[in-house]
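Keep the viewer open as you go.

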Amino acid sequence: TLLLGNVAVNSAIALFLGSIATGLIAGVVATGLIVIFGEILPQAVISRYALAVGSKVVWLVKIFIIILFPICWPIAKLLDIILGDEMSTIWSHNELKEIITHHRKSKDSRLDHDEEKILLGALSFSDKRVKDAMISRSHVFSLKFNEVIDKKLIAKMKRSGFSRFPVYEDIVDNIKGVLFLRDLVGARGRERVSVFCKKKSTFRISDNKMLDDLLKIFIKKKIHMAVVFDKNDEFVGVVTLEDVIEEIIGREIVDERDRYIDIQKGKKFR
């Protein structure tokens, strides 16, 4: 309807001017009027307030839809038969990121910097792998399976800032379970790590696993930490639900027990 109306108006202008002037003059004047009042001004002025203007003239458009229905409906139906349904507009991840960044930079945008980082992080984290978010082996505080839990060890565990500790037997690659610091509350002392080690809480994952898949697993299994192994089945680190969330929101989460803002980079919190 809109296309037909636009063509009809342009043709009417050309015919009207052709009846009162010579062909060349009519053509130049018609072209100028159509370009200025039919293209440039509407796109420069009205398009800025497209929704507001459209809402006020929608009744007029509906009238033209009814009037031109006998012409427009057969054309639309024929196009659907020949070309199929109209393709929806789909943007790639990179295009959506550019749209968000461009939108935030506009002075009229109500999107702030934090919202931009979260949106960009949510679009990016599905392209990242576990090895991009994990805490590497060199920064992991792990415990020996038969190690005795005394006051000195508990003090070291508290100072580490962690609440979950991988437990290994003989070699670090042989992870047997996870020890939760909270389980040591009320411990009588001189007990071994094996007493408090939770084998069922151990979840192994490849360092090449995608982060969005890991998040689904965390939610489904109701766990917060996984031990990470490489293709050679060597222990390379741990990854937590907090690490995944940090990748989404684009910043480090620091709580009252953390000693590092970013343990991988060695940035101390206190």
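## Salt bridges

K198 is partly exposed, at a relative accessible area of 33% (partly exposed runs between buried, under 20% relative accessible area, and exposed, over 50%, using a 1.4 Å probe and protein chains only). Its salt-bridge partner is D183, with the closest N and O atoms 3.6 Å apart (a salt bridge here is a side-chain nitrogen of Lys or Arg within 4 Å of a carboxyl oxygen of Asp or Glu). K198 sits in the loop between α8 (193–196) and β7 (204–206) and D183 in the loop between β5 and β6 (191–192), so the pair ties together parts 15 residues apart in sequence. Helices (H or I, at least four residues) and strands (E, at least two) are DSSP runs, numbered from the N terminus. D183 is partly exposed too, at 24%.

A quick word on ground rules: this is a predicted model, where local features need pLDDT of at least 70, side-chain atom pairs count only at pLDDT 80 or more, and totals for chains, interfaces and linings use all residues. Residues are numbered from 1 along each chain as its sequence is written, and side-chain values use heavy atoms, leaving out hydrogens and water.

## Two further bridges

How many salt bridges does a search of the whole structure find? Five, among them one between D173 and R137, at 3.1 Å from N to O. D173 is in the loop between β4 (164–168) and β5 (175–180), and R137 is in the loop between β1 (135–136) and β2 (143–144), so this pair ties together parts 36 residues apart in sequence. Both ends are partly exposed: D173 has a relative accessible area of 22%, and R137 has 37%.

Then there's R204 with D233, whose closest N and O atoms are 2.6 Å apart. This one links distant parts of the chain, with R204 in strand β7 and D233 in the loop between β8 (225–229) and β9 (235–240), 29 residues apart. R204 comes out partly exposed at 42%, and D233 does as well at 48%.

## Helix α9

Now look at α9 (residues 211–221), where the buried residues are L211, L214, L215, I217 and F218. Viewed down the helix axis, they fall within an arc of 160 degrees, so they line one face of α9 (the arc is that of the directions from the helix axis to the C-beta atoms). What do they pack against? The list is α6 (130–133), β7, β8, β9 and α10 (241–249), with contact meaning heavy atoms within 4.5 Å.

On the face turned away from that buried side you'll find the exposed residues K216, I219 and K220. After α9 comes K222, with a positive phi near 60 degrees.

## L179 in strand β5

L179 belongs to strand β5. Is L179 buried or exposed? It counts as buried, at 0% relative accessibility. Setting aside neighbours within four places in sequence, L179 has contacts that include L143, I149, M157, F165, V167 and F196.

For a sense of scale, pick V28 as well: the C-alpha atoms of L179 and V28 are separated by 84 Å, and the two residues are 151 residues apart along the chain.
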